[in-house]
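I opened my notebook to go through one model, feature by feature. Here is what I looked up.

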Amino acid sequence: MNFGKKILLGTLFTLSALAVLASDFKTFPDGSPVPAWFNDSKSPDVELLGKKYVITNHGVGCDSTVIQTEAIQTVIDKAFNEGGGVVVIPEGTFLTGSLFFKPGTHLYINKGGKLKGSDAITHYQIIKTRLEGQTIDYFAALVNADNCDGFTISGEGTIDGNGHRFYDEFWLRRKVNRKCTNLEALRPRMAYISNSKDVTVSGIKMVNSGFWTNHLYNCERVKYLGVTILAPTDGYPKGPSTDAIDLDVCNDVLVSGCYMNVNDDGVCLKGGKGTYVDTIPGNGRVANVIIDRCTFGKTNAGVTFGSEAWDCSNVIMKDCKFDGTYHVLLFKMRPDTPQQYRNVLIDGATGKVRNAVEVQTWKQFFNKVERDPMPASGVDNVTFRNGHLECTREFYKDKKIDEYTLTNFTFKDIWAVDPSKNFDVRNIENCVIENVTLE
């Protein structure tokens, strides 16, 4: 299908825009300036982070079969008590339960080094934590950092969540009870970073998380740089809900040069759910997110809005590649939650996906209560441009219902394979389509 250049539609794909780098973006989609902070994608210099505490020099043994949670935690505490520093995982595999980093401490993993999580949930402390849009008592992550401004995880080594036993249990529970929820399966996240500013995760591999891989809550100025995030997506067992990066009430986030292949969302925006979501302490918005030059394998979406989100704005995804990904951009709309998703730019998406853009009505854990008036919900000001995609199902898909509106979408300079031959945008109020070819 060729769409000529009319009030709504057009046909020409140009590759030139695909070479634009993040630093060329001067403004967010709402017109506000992009801070210079986003244009600095250098990894932290470990030499400047303080004294190094190589764990094997401080009582941790070189035995990959022994759980050494207490010994490793003692090294973290020592670094904190002596004014801060870098906890170094040397070459070798070190098995542990939940670890808690303190202000001024950092984690560095040498090439050939592996911090490996125990596959027994009994080795993870129960703490007050944030999960699925609520604050509850649940298991701590493998790596935890709360109120740790400037916290970094870096190096060329690996964090291995060792999640296969947790996957087995989840799918077994689902066979017994098809309504089994994520939280009922009792499994840990890989990294939970909360209430922190100026966080950087760079260079490392993060594999086989038992649950969400990275969960950031109430954080500002976060960078993920050159990180590889993997969980099983084929065969048995797949890694259920192993989201790569969950941004929960976070602002000013750069995800650059990362590779993600997980059995759920790539970058997922969260912030709360429920009919009175905007009145509940601890809930909040996600704003100013740039996802730059990343590659997505078989994830659910490059970027997902929801299902535990309600106020998300100023999201840019640029020059990203997709290889069997289900969606480039996914909006999950909850009829029980007032949601405003707005000011979104997708620029230079290339590769193979099921659907490029989808708006889903999402009713998992649906719990709408009376509220009069119910605040409006909708998706507004979305631009998808400079795309070159092979879609195996549909380029654009939505299922419109009365609880939300879709307004001000622009599709421009796009070439895509669309076997559905169904580019139906009738549910969008004010949709501009210019220079688009669908074959």
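Is Lys-42 buried or exposed? I found that Lys-42 counts as exposed, at 61% relative accessibility. My cut-offs: buried is under 20% relative accessible area, exposed is over 50%, and partly exposed is in between (1.4 Å probe, protein chains only).

I noted the ground rules next. This is a predicted model, where local features need pLDDT of at least 70, side-chain atom pairs count only at pLDDT 80 or more, and totals for chains, interfaces and linings use all residues. Residues are numbered from 1 along each chain as its sequence is written, and side-chain values use heavy atoms, with hydrogens and water left out.

**Entry: salt bridges**

I looked up the general idea. Side chains of opposite charge can pair when their charged atoms come close. A salt bridge here is a side-chain nitrogen of Lys or Arg within 4 Å of a carboxyl oxygen of Asp or Glu. The structure holds 24 of them.

I began with Lys-42. Its partner is Asp-40, and the closest N and O atoms are 2.9 Å apart. Asp-40 is partly exposed, at 31% relative accessibility.

Next I took Arg-221 and Asp-198, whose side chains meet in a salt bridge at 2.7 Å, N to O. Arg-221 lies in strand β17 (residues 220-225) and Asp-198 in strand β14 (residues 197-202), so this pair ties together parts that are 23 residues apart in sequence. Strands (E, at least two residues) and helices (H or I, at least four) are DSSP runs, numbered from the N terminus. Arg-221 is partly exposed at 26%, and Asp-198 is partly exposed at 34%.

I then checked Arg-426 and Asp-424. Their salt bridge spans 2.6 Å, N to O. Arg-426 counts as exposed, at 73%. Asp-424 is partly exposed, at 25%. Elsewhere, salt bridges that share partners join Asp-292, Arg-293, Lys-318 and Asp-319 into one network.

**Entry: helix α2**

I picked out α2, residues 164-176. It has 13 residues and reaches 19 Å from its first C-alpha to its last. That is close to the 18 Å expected at 1.5 Å a residue; the expected span is 1.5 Å times one less than the number of residues.

Which residues of α2 are buried? I listed Phe-166, Tyr-167 and Phe-170. They cover an arc of only 105° around the axis, which puts them on the same side of α2. The arc is that of the directions from the helix axis to the C-beta atoms. The face turned away from this buried side carries the exposed residues Arg-165, Leu-172, Lys-175 and Val-176.

I kept one rule in mind. Most residues other than glycine have a negative phi, and most peptide bonds are trans.

The peptide bond from Tyr-236 to Pro-237 is cis, with omega near 0°. Pro-237 sits in the loop between β18 (228-230) and β19 (245-248). Ser-241 is found in the loop between β18 and β19. Ser-241 has a positive phi of about 55° although it is not a glycine. I saw that Ser-241 is buried, at 10%.

Another cis bond runs from Asp-372 to Pro-373, with omega near 5°. Pro-373 is in the loop between β29 (350-361) and β30 (378-398).

I came back to Arg-293, a member of the salt-bridge network. Its phi is positive, about 50°, although it is not a glycine. Arg-293 lies in the loop between β23 and β24 (295-296), and is partly exposed at 37%.
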